[in-house]
Amino acid sequence: MFQLIQQNDGLSIGVFGIGGCGCNTLNSIFEQRESEQAHLYSVNTDKVVLEHTQSDEAVLIGAELTHGYGAGADPKVGLQAAEESKDQLLTLINGCDIILCATGLGGGTGTGASPYIAQLASEQNKPVIFVATLPFSSEGQFRSNIAQAGLNELKEHANAVITLPNDQLIEVLGNDIGLFDAFKHSNQILHSLIKSLIDMLCFQGLINVDLNDFAKIMDCQGDAVLGVGKCDEESELTTALDGALNNPLVNQVDMSSSTGVIIQVNCKDEISLGSYNLITDTVRQQVSPNALVICGVSRIESLATNYELLVIATGASSKMVIDDLSKDKQPEEKEPNKAKPETTDIFDIPAFIRNQAPAPCTK
């Protein structure tokens, strides 16, 4: 069980973006951050990526090992870089009550450094959640094997790991979507998950999910469900809840085996007692009768929509659903996306693709 200390100056949440994917996610979070209790830390072996990342502190790990030129898609180098910078990472971790991390698996820095950072956080008795992307199958079996090994190791140390397989971007968005738009869509999901966690923990609620509640749910070992649903009308809450529980871009797990659940309802105004009970009853019916279920309600006037639902279920078992997705469905034909990316969009593409592109022409 975690030994948690409530701080007088409020909860401190450390949001770590690890590797290229994680740093890209911080870019989308930074400008929309509304809580001073969330501190953003970009962690990378590539100094060029760090120069284009918006965060409170940029951490170049393994500076002596890599000289700031990246891990070369080698997880061993990513691990050694993190080990070299252990003291710097521990200083950041010890300043936080909860650690939220975004990372991409299959490359060098994210795959190698993420499990080590999770281990450091666990050793300091800090609850740690990871949201991780998995590579496209088209990237090859070698990269897929690296990602799977990294995921297995990450699960040994993190309290919860939510995975976003890139292949499901194609299944859901179709082959015709622009590459920039696809990765921005994935980044937006990462952003939505992390922002909703920050809102839940930082905003005073009518019914609060406090730090000890959160830690108790995070103590439940196993896979995790973490979903967000949004709507403007109270009559649409059940649809929003279904979206939170069945996001097609998030690797699904079997909620019936979950042993701990947090349900957080955020609203601009007020939610009826009937709707609140409907939400909690619907979730309770999908988990074990013996599961610990904690519910929270907060009024947040700055929400983009009138209602937002966050569901976290831990101690669950994975479903192998990727191969079972409807193979007979053909993606709808869409007009090719001809919009030109902004200059900064190039840093939203993973390094393995970016490095294959020809050098830009110079005038």
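What follows is a friendly conversation about a predicted model.

Visitor: Let's start with the sheet. Which strands make it up, and in what order?

Guide: Six strands form an open sheet, in the order β3-β2-β1-β4-β5-β6, and their pairing is parallel.

Visitor: What makes β3 and β6 the edge strands?

Guide: Each of them, β3 (57-60) and β6 (160-165), pairs on one side only. From one strand to the next, the twist averages 20°.

Visitor: How do you know that β2 and β3 count as a pair?

Guide: Two strands pair if there are at least two bridges between them. Strand β2 (residues 38-44) and β3 have 4 bridges, in the parallel sense, so they meet that definition. One example is N44, whose bridge partner in β3 is L60.

Visitor: And what about β1, how is it joined to β2 and to β4?

Guide: β1 runs parallel to β2, with 6 bridges joining them, and β1 also pairs with β4 in the parallel sense over 6 bridges.

Visitor: Why is β1 called mostly covered?

Guide: Buried means under 20% relative accessible area, and 6 of the 6 residues of β1 are buried. On one side these are I13, V15 and G17, and on the other G14, F16 and I18, so both faces are covered. In a regular strand the side chains alternate between the two faces of the sheet.

Visitor: What packs on this sheet?

Guide: Helix α1 (residues 19-30) does, touching β1 (13-18), β2, β4 (98-104) and β5 (128-134). The direction of α1 makes about 150° with that of β2.

Visitor: Let's turn to helix α6. How do you know that its length fits a helix?

Guide: Helix α6 (residues 109-123) has 15 residues, which should span 21 Å at 1.5 Å a residue. Its end C-alpha atoms are 21 Å apart, so the two values agree.

Visitor: What makes α6 largely enclosed by the rest of the structure?

Guide: The reason is that 12 of its 15 residues are buried. Among them are T109, P115, Y116, I117 and L120. Just after α6, N125 takes a positive phi of about 60°.

Visitor: How does helix α12 compare with its expected span?

Guide: Helix α12 (residues 273-284) has 12 residues and reaches 16 Å from its first C-alpha to its last, close to the 16 Å expected.

Visitor: Which residues of α12 are buried, and how do you know whether they share a side?

Guide: The buried residues of α12 are S275, Y276, I279, T280 and V283. They cover an arc of only 130° around the axis, which puts them on the same side of α12. L273 and G274 are exposed, on the face turned away from that buried side. An α-helix has 3.6 residues a turn, so residues three or four places apart point the same way.

Visitor: Which residues touch the most other members of the largest nonpolar core?

Guide: That core has 35 residues, and the ones touching the most other members are I129, L197, M200, F214 and I312. Helix α9 (residues 179-202) supplies the largest share of the core, 8 residues.

Visitor: What does I312 contact, leaving aside its neighbours within four places in sequence?

Guide: Its contacts include L197, M200, F214, M218 and V225, as well as G260 and I262. Apart from this core lies another of 31 residues, among them L90, L92, F130 and A147.

Note on methods: Residues numbered from 1 in each chain as written. Predicted model: local features only at pLDDT ≥ 70, side-chain atom pairs only at ≥ 80, totals over all residues. Heavy atoms only, no water. Helix = DSSP H or I, 4+ residues; strand = E, 2+ residues; numbered from the N terminus. Expected span 1.5 Å × (residues − 1). Buried < 20%, exposed > 50% of the residue type's maximum accessible area, 1.4 Å probe, protein only. Arc of directions from axis to C-beta. Core = buried A, V, L, I, M, F, W, Y, C linked by side-chain atoms within 4.5 Å. Contact = heavy atoms within 4.5 Å. Axes fitted to C-alpha atoms, helices over the stretch in contact; angles between N-to-C directions.
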